[in-house]
Amino acid sequence: MSLSDIHLAVALLLLSTMSIGLIRVAIGPTPSDRLMAAQLLGTSGIGLLLVLIPVIRVPALIDVALVFSLLAAVAIVAFTRRREQEDA
Amino acid sequence: MNPLLLGFDILLSTTLLGLALAALTSREPRRGVILFIAFGLLLALVWARLRAPDLALAEAAIGAGLAGALMLSAARRAVRRR
């Protein structure tokens, strides 16, 4: 078992936890639960991308991981703005 | 082909298809938008897997990030107007 196989196994594990986390996005009782699950998905997506880099040998994917982490903040800001206006 | 890689691809594509179906068939606007954000995330992963980092970058920034934020505020207005 080579090193890239180990990376690939870790990526597969991360992807399966992502697809299990999707259940919470789909059934989550409140919108906050759904968005928190989506954020968790984004975080595991960052880990998945970083593990995938040595497997498929595309170093530019590290920039994609950077944009993933940037995007999470934008979604949170858009979501919490809604809650604030709803309360007021 | 590496069986692990094949399993990875199959899991990725089935998850993406299921997510697209769930986003399309959801009745509540906010649920649909959050599912769409998750869909954009996974689509960016698919582009990364296909060795297209530029497309993955654009999908993550525009498809899931900007469009997701805009659609969240649009869904808010739709709920308030109803």
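Helices (H or I, at least four residues) and strands (E, at least two) are DSSP runs here, numbered from the N terminus. With that in hand, take residues 35-56 of chain A: the chain is 100% helix and 0% strand over this span, and its end C-alpha atoms are 30 Å apart.

A few ground rules before going on. This is a predicted model, in which local features need pLDDT of at least 70 and side-chain atom pairs count only at pLDDT 80 or more, while totals for chains, interfaces and linings use all residues. Residues are numbered from 1 along each chain as its sequence is written, chains are lettered from A and ligands numbered from 1 in the order in which they are written, and side-chain values use heavy atoms, with hydrogens and water left out.

## The two chains

Chain A has three helices and zero strands, running α-α-α from the N terminus. Chain B also comes to three helices and zero strands, and its elements run α-α-α from the N terminus on. The radius of gyration of chain B is 15 Å, well over the 12 Å that the globule rule gives for 82 residues, so chain B is more spread out than a compact globule.

As for outlines, the C-alpha atoms of chain A fill a box of roughly 55 × 25 × 10 Å along the principal axes. The C-alpha trace of chain B spans about 55 × 25 × 10 Å along its own principal axes.

Some terms for what follows: buried means under 20% relative accessible area, exposed over 50%, and partly exposed in between (1.4 Å probe, protein chains only). A contact means heavy atoms within 4.5 Å. Accessible areas come from the Shrake-Rupley method with a 1.4 Å probe, and for residues only the protein chains shown count as cover.

| Property | Value for the chain |
|---|---|
| Buried residues, chain A | 43% of 88 residues |
| Buried residues, chain B | 49% of 82 residues |
| Accessible surface, chain A | about 4600 Å², 70% from carbon and sulfur atoms |
| Accessible surface, chain B | about 4300 Å², 69% from carbon and sulfur atoms |

Contacts across the sequence are worth a look too. Taking contacts with a separation of 6 or more, residues 24 or more positions apart account for 52% of them in chain A.

Chain A carries 6 positive and 6 negative side chains, with the centres of the two sets 4 Å apart. Chain B has 10 positive and 4 negative side chains, and there the two centres lie 15 Å apart.

## What the records mark

For chain A, an unreviewed UniProt entry places the feature "transmembrane region" at residues 6-23, 35-56 and 62-80. Residues 6-23 of chain A are 100% helix and 0% strand, with end C-alpha atoms 27 Å apart. For chain B, the UniProt annotation "domain: MrpA C-terminal/MbhD" (unreviewed entry) covers residues 15-77. That stretch of chain B is 90% helix and 0% strand, and its end C-alpha atoms are 30 Å apart. UniProt positions are given in the numbering used here, feature names are shortened, and annotations may be inferred rather than shown by experiment.

## Residues to click on

Start with the loops. Arg57(A) sits between helix H2 (31-56) and helix H3 (61-87) of chain A. Its phi is positive, about 55 degrees, although Arg57(A) is not a glycine. At 65% relative accessibility, Arg57(A) counts as exposed.

Over in chain B, Arg51(B) lies in the loop between helix H2 (29-49) and helix H3 (53-81). Arg51(B) has a phi near 60 degrees, again a positive value in a residue other than glycine, and it is exposed at 51% relative accessibility.

Now the helices. Ser44(A), in helix H2 of chain A, is buried with a relative accessible area of 16%. Leaving out residues up to four places away in sequence, Ser44(A) touches Leu14(A) and Met18(A).

Gly32(B) belongs to helix H2 of chain B and is buried at 12% relative accessibility. Beyond residues up to four places away in sequence, Gly32(B) touches Ala23(B) and Ser26(B). Gly32(B) and Ala74(B) are 42 residues apart in sequence, with their C-alpha atoms 12 Å apart in space.

Methods: Rg over C-alpha atoms; globule rule 2.2 N^0.38 Å. Lys, Arg positive; Asp, Glu negative; His and termini not counted. Charge placed at Lys NZ, Arg CZ, Asp CG, Glu CD.
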